[in-house]
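Hi everyone, thanks for coming.

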Amino acid sequence: MAKVNWGIIGCGNIAHTFAKSIAHCADAQLIGAASTSLQRANEFATHYSIKGYESYQALMQCPNIDAIYIANTHEQHFKSVAQCLTHNKHVLSEKPITVNAQQLITLKELAQQQNRFLMEGVWMRFLPAIVKLQQLLSEGVIGKVHSVNANFSLAGEFESSHRLMNPATAGGALLDLGIYPISIADVVFNKTPEQIKSLVHKSTTGVDERSVTLINYGQGQFAQLSSALQQNGPTQACILGEYGYIRIDEFVGAQSLELHLNAQQMQRFDFSFNDDENFKFEIDHVSECILQQQTQSSVLPLSTSLRVMNIMDELRAQWQLKYSDSVESNNLNK
């Protein structure tokens with residue numbers, strides 16, 4: 001049976017998550033990795049018994065690699081994705097796929113020109129628990145959904161030079177963490193918001209350290225979302241409806257959900273998987289799409305990623321948070 005041969009650009013923590021997960025995928029195999037450091041690429045490659053490449057360009061030029069997972073820092077995604085597409089590689093990019101909506105529009109057009117598959121890696125959307133959530137909602141189990149409440153915070157201290165705190169690497173809580181609460185609200189409502197209001201506290205480096213957002217989806221449907229760096233809090237989502245509510249603890253990597261209906265005993269649905277299988281469901285989906293010669297995902301099409309990106313663009317505009325021109329640019333020739 002045919003398999004998709006994958007390469008990885010970037011050899012940090014998220015790349016290890018991908019490499020461990022792909023070992024559990026029947027239709028995919030990892031054969032190469034590249035870093036800005038040959039030593040780092042070789043160390044990573046040795047660990048997974050694959051080939052290390054001396055540069056991103058060298059990996060892109062390998063004829064045996066069908067698809068590339070982009071795992072470098074946020075500000076590099078646009079350029080890396082564009083170069084991979086230009087080299088006729090299918091691409092799965094770690095979220096956020098770009099820094100802003102205009103960059104994503106440019107990549108969408110390039111992927112169409114090259115007839116290559118392109119998708120943003122929001123692994124949460126492919127988890128069995130989230131699939132179950134969508135099933136329950138489509139069946140109207142809790143009736144009309146009135147609101148979504150979701151938070152994703154990271155406790156601990158981050159140095160000002162850390163990528164999450166650094167404007168040069170498109171840092172801040174929103175692009176790294178806030179995309180998940182926005183995405184779970186998008187999973188539930190699946191439409192463009194009518195109104196967005198927010199409050200933000202910025203770090204000493206100028207990026208968003210924590211924020212709260214209220215989104216009006218129309219027809220009396222709201223989302224109350226928050227994300228934060230250096231703050232304790234539960235990673236939890238609640239979907240509130242007219243007949244009951246659904247609670248998802250640790251919704252970013254959801255392995256279960258609770259259904260609470262009026263005057264009924266709580267029902268719990270479990271979908272356990274191991275830590276080294278986190279991205280398995282996402283990789284399986286993308287590999288199947290590629291083998292079927294599809295250029296976009298039916299679960300997470302680029303139009304959906306663009307809808308979420310537009311929300312994040314609006315929030316950054318409200319916060320007057322703009323990165324450097326080089327980070328924000330959608331010029332393919334730079």
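Before we start, a quick word on angles: each axis is a line fitted to C-alpha atoms, for helices over the stretch in contact, and the angle between N-to-C directions runs from 0 to 180 degrees. Please also keep in mind that this is a predicted model.

So, in what order do the six strands of the open sheet with parallel pairing come? The order is E3-E2-E1-E4-E5-E6. At the edges sit strand E3, residues 51-53, and strand E6, residues 118-121, and each of them pairs on one side only. On average, neighbouring strands in this sheet are turned by 25° against each other, direction ignored.

Let's zoom in on one pair. Strand E1, residues 4-9, runs parallel to strand E2, residues 28-34, with six bridges between them.

Now for the helices. Helix H2, residues 38-48, lies across E1, E2 and E3, and runs at about 165° to E3. Helix H8, residues 280-291, lies across E1, E2, E4, E5 and E6, at about 125° to E1.

On to the other sheet. This open sheet has eight strands with mixed pairing, in the order E8-E9-E10-E7-E11-E12-E13-E14. Its edge strands are E8, residues 195-202, and E14, residues 267-270. Here, neighbouring strands are turned by 10° on average, again ignoring direction.

For an antiparallel example, take E12 and E13, which are joined by four bridges. Tyr245 has His260 in E13 as its bridge partner. Finally, helix H9, residues 302-319, lies across E8 and E9, at about 55° to E8.

How values were computed: Residues numbered from 1 in each chain as written. Predicted model: local features only at pLDDT ≥ 70, side-chain atom pairs only at ≥ 80, totals over all residues. Heavy atoms only, no water. Pairing = 2+ DSSP bridges. Helix = DSSP H or I, 4+ residues; strand = E, 2+ residues; numbered from the N terminus. Contact = heavy atoms within 4.5 Å.
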